[in-house]
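Here is a short briefing on one protein structure. Look at the sequence and the model first, then read the points below.

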Amino acid sequence: MSETNAAKHLVLLGDSTLDNVVWVPSFKHCIKSLLLDKLPENSIVSNYAADGYTTDDMLNGSCPSISRARRRDEGDPFPDDHHFHPLEQLDTLNKQLNSTDNTTELKLSHAVLSVGGNDVREILHAMHKLQEV
């Protein structure tokens, strides 16, 4: 199989732009499905985005609150409901895929990040703080 036709592993990171299960009837039939339709056969899309997450939540982790139950209902639960740290999850996944125990050809190929909108939403009442964010 050529490199361009090799299966990909794409990871979504960030906020509800990517973790839209609360706002769109079925996440599996929206962004994830659209991406899988464009990727080579046997590709995987992992959702490490969390609705409501800010830049600080991405960097330091946080308790996902907005989409936790809905994602569980959709069969796409957070790896840890109490303190979800997407960058640590990404690092763990990358180590697993690159380990000598990994018998598949699948490697982490892409990460898509959407973050910043919730930072602004949180300071709408005090726009003068925008430079501090």
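Asn 42 is exposed, with a relative accessible area of 59%. Exposed means over 50% relative accessible area, buried means under 20%, and partly exposed lies in between (1.4 Å probe, protein chains only). This is a predicted model: local features need pLDDT of at least 70, side-chain atom pairs count only at pLDDT 80 or more, and totals for chains, interfaces and linings use all residues. Residues are numbered from 1 along each chain as its sequence is written, and side-chain values use heavy atoms, leaving out hydrogens and water.

**Asn 42 and its loop**
- Asn 42 sits in the loop between helix H1 (31-38) and strand E2. Helices (H or I, at least four residues) and strands (E, at least two) are DSSP runs, numbered from the N terminus.
- The phi of Asn 42 is positive, about 70°, although Asn 42 is not a glycine.
- Most residues other than glycine have a negative phi.

**Helix H4**
- Helix H4 covers residues 86-98, which is 13 residues. At 1.5 Å a residue it should span 18 Å, and its end C-alpha atoms are 18 Å apart, which agrees. The expected span is 1.5 Å times one less than the number of residues.
- Pro 86, Leu 90, Leu 93 and Leu 97 are buried in H4.
- Down the axis of H4, the buried residues fall within an arc of 65°, so they line one face of the helix. The arc is that of the directions from the helix axis to the C-beta atoms.
- The cover over these buried residues includes strand E1 (9-14), strand E2 (44-49), helix H2 (55-60) and strand E3 (108-114).

**Leu 90**
- Leu 90 has a relative accessible area of 16%, so it is buried.
- Leu 90 touches Val 11, Leu 13, Tyr 48 and Leu 108, not counting residues up to four places away in sequence. Contact means heavy atoms within 4.5 Å.

**Aromatic rings**
- The structure holds three aromatic pairs. Rings of Phe, Tyr and Trp (its six-membered ring) pair if their centres lie within 6.5 Å; planes under 30 degrees apart count as stacked, over 60 as edge-to-face and the rest as tilted.
- Tyr 48 and Phe 84 form an edge-to-face pair, 6.5 Å centre to centre with 75° between the planes.
- Tyr 53 and Phe 84 have ring centres 6.2 Å apart and planes at 45°, so this pair is tilted.
- Tyr 48, Tyr 53, Phe 78 and Phe 84 form one aromatic cluster.
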